[in-house]
Amino acid sequence: MQEIKCPNCGKTFLVDESGYAQIVQQVRDKEFDRELQQREKALEDMKAKDLEIVQMKQKEEFEQRLSAQEAQLAEKERLIEQLKARLSGTETEKQLAVTQAVSQKEQEREAALSQKNNELAEKTRAIEALKARLNNSETEKQLAVSEAVREKEKAVSEKETEIASLKNRLSSQETESALKQQSLHREYESKLKQKDELIEYYKDFKARQSTKMIGESLEQHCLNQFNALRMTAFPQAYFEKDNDARSGSKGDFIFREARDGVEFISIMFEMKNEMDETATKHKNEDFFKELDKDRREKKCEYAVLVSLLEIDNELYNNGIVDVSYKYEKMYVIRPQFFIPIITLLRNAALNSLKYRQELEVARNQQIDVRNFEENISAFKEGFARNYRLASERFKTAIDEIDKTILHLQKTKDALLSSENNLRLANNKAEDLSIKKLTKNAPAVKAMFDDLRRENLQG
């Protein structure tokens, strides 16, 4: 049971857990509705400001075009006035010329009364020619005035036509502005509806899960999102559960992708969520250290925490949050940014793929050189060992040969000594005769004499 104190009367009364939850839900719904109304009002104000800015821009453009047309019309009127002034100056000049010519002719007529009739006739013809020229000048003046009037009327007509065109364009722009306003309104309503649907989805999503299964369901949700795009966007990528817990901990998913045997992107993912009714509320920062440890142990380049914790924190609700100021190459996102974060990091890593491949080639070359040096060192060590053993055996053989030579020398000396004894024995044997043998043995000598005689007789 929960105790609740009335803020008006100060009375305290007890409610059970279901009643307490209903009261909390009512307060939360009221706060959510109030925040929703504030956001709708802010959107309406933003939309009105955008519309006002568009109308002001259109009005300024219309006034600029209208002032330009008025300036052009004023210029044409100025040209017409200049033309009229020039025509007026020509008329005055012509009148002065006529006056001077008449005066001159009168003077000539008075001075030449005594001249012949043919001179008078010639002067008369000159006067007629001058009058014809004056008549022609008058006709040209009338034609110029008519032309100027026609030009002015044409300019006025063009101005009226252009003003009508500008009015039509202004009307069409007003219509277009109204359509844009309606389109913006529908777009804002659509975005607001999508946000409301997303909020309802995650509220329902969290409400339908138990405390034990809610984290696993978030993992399944992200896995389903990835599998929906796996064959189209990530056909060669590896994205599987992290089942290696030899170090005592493990992440949820590992994303890896390679080109031509060179891995250019790897991400360790951790999904965290909890029920609204959970008494002890976790924070995203509680999991940073463990996630960074898993990333380093599994040799991943990036670490991403997909979290529904701190659902009211605007920092995490506004998009992808970079927390590399605490832990290197780590980001915190909401589930709706799961695919975008993979795409962003993957596209950024693709730009460095060429350098990674060159680095891998250089590393392989270094490994080849190191292996070559190790092989040379092993050969030198083996050769030195074999040389040492062979040298030791050779020395032993030399010693044994020396010993054998000494032994053979002794044997030779013994054989030489034996040969000398044999020679002496042979000499003694050659010097041996029956006469010498029986020299001191008369009986034996008698026996040999008898045998000799028998042999002679026989």
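Modeller: What follows goes through the salt bridges pair by pair. The model is a predicted one, and a search of the whole structure finds 12 salt bridges. As background, side chains of opposite charge can pair when their charged atoms come close.

Start within one helix. The side chains of arginine 78 and glutamate 75 form a salt bridge, with 2.2 Å from N to O. Both residues belong to helix H1 (residues 17-111), and because they are three residues apart there, about one helical turn separates them. Arginine 78 has a relative accessibility of 38%, so this residue counts as partly exposed. Glutamate 75 is also given as partly exposed, at 36%.

The next pair is glutamate 219 and lysine 241, whose closest N and O atoms are 2.7 Å apart in a salt bridge. This pair links distant parts of the chain, 22 residues apart: glutamate 219 is in helix H3 (residues 214-233), while lysine 241 is in strand E3 (residues 238-241). Glutamate 219 has a relative accessible area of 12% and is buried, because the cut-off for buried is under 20%. Lysine 241, at 33% relative accessibility, is partly exposed.

A further salt bridge joins the side chains of lysine 326 and glutamate 285, at 3.3 Å from N to O. Lysine 326 sits in the loop between strand E7 (321-322) and strand E8 (330-333), and glutamate 285 sits in the loop between strand E5 (262-272) and helix H4 (288-297), so the bridge ties together parts that are 41 residues apart in sequence. Lysine 326 is partly exposed, with a relative accessible area of 44%. Glutamate 285 is partly exposed as well, at 42% relative accessibility.

Salt bridges also link residues into a network, made up of Asp292, Arg295, Arg296 and Glu328.

The side chains of glutamate 301 and lysine 329 are joined by a polar contact of 3.0 Å. Glutamate 301 is found in the loop between H4 and strand E6 (302-307). With 17% relative accessibility, glutamate 301 counts as buried.

To go back over the places: arginine 78 and glutamate 75 pair inside helix H1, glutamate 219 and lysine 241 pair between helix H3 and strand E3, and lysine 326 and glutamate 285 pair between two loops.

How values were computed:
Residues numbered from 1 in each chain as written. Predicted model: local features only at pLDDT ≥ 70, side-chain atom pairs only at ≥ 80, totals over all residues. Heavy atoms only, no water. Salt bridge = Lys/Arg side-chain N within 4 Å of Asp/Glu carboxyl O. Helix = DSSP H or I, 4+ residues; strand = E, 2+ residues; numbered from the N terminus. Buried < 20%, exposed > 50% of the residue type's maximum accessible area, 1.4 Å probe, protein only. Polar contact = N/O pair within 3.5 Å; in protein donor to acceptor, adjacent residues only side chain to side chain.
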